[in-house]
Amino acid sequence: MDEKQLLVEKYGLKHENGAWYSQKENSHKHLIFKDSFFDRTDLIGLLFRINKLCMAKVKYFRINIGKYEPLKYDYKKGFVVVPLWDADFLRHRSSGLILDFRYLQTITVYDNFVALCKELEAFEEDNAII
């Protein structure tokens with residue numbers, strides 16, 4: 001099974017009439033993406049759409065995903081490394097800082113996201129000097 005399909009299963013998305021929907025208990029069904037988007041985008045595009053992250057974040061992480069390690073949290077083991085499709089967090093390798101997708105949702109001002117990226121990139125520059 002490919003990673004896109006594993007992602008769809010993880011989030012319990014339902015396929016109906018050429019589109020993928022989320023329907024949680026006691027809530028209304030809502031559209032996540034259409035088949036055309038599913039077919040033409042990559043795993044990061046799908047993951048970030050499901051997590052309601054903007055295109056600036058998609059673009060940044062597409063370019064820089066190698067600088068991050070995908071994680072999820074296990075209550076017994078703590079943070080564990082997982083494949084990207086199963087991630088709920090991204091650990092910046094140079095700084096060790098962990099970004100939660102929910103935290104990234106709260107950054108709604110572009111300049112604030114740029115500031116975060118610059119802060120993280122400063123760790124990369126510091127490590128390159130060593």
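## A buried ring and its partner

Phe113 counts as buried because its relative accessibility is 5%, where buried means under 20% relative accessible area, exposed over 50% and partly exposed in between, with a 1.4 Å probe and protein chains only. Phe61 likewise counts as buried, because its relative accessibility is 1%.

## How the model is read

This is a predicted model, in which local features need pLDDT of at least 70 and side-chain atom pairs count only at pLDDT 80 or more, while totals for chains, interfaces and linings use all residues. Residues are numbered from 1 along each chain as its sequence is written, and side-chain values use heavy atoms, with hydrogens and water left out.

## Aromatic pairs

Rings of Phe, Tyr and Trp (its six-membered ring) pair if their centres lie within 6.5 Å, and planes under 30 degrees apart count as stacked, over 60 as edge-to-face and the rest as tilted. By this rule there are 12 aromatic pairs. One of them is the edge-to-face pair of Phe48 and Phe101, with 5.6 Å from centre to centre and 65° between the planes. Both Phe48 and Phe101 are buried.

Phe61 and Phe113 form a tilted pair, at 6.5 Å centre to centre with 45° between the planes. Phe48, Tyr60, Phe61, Tyr68, Phe101 and Phe113 form one aromatic cluster.

## Charges over rings

A charge sits over a ring if NZ of Lys or CZ of Arg is within 6 Å of the ring centre and within 35 degrees of the ring normal. Lys57 lies over the face of Phe113, at 5.8 Å from the ring centre, and Lys29 lies over the face of Tyr21, at 4.8 Å from the ring centre.
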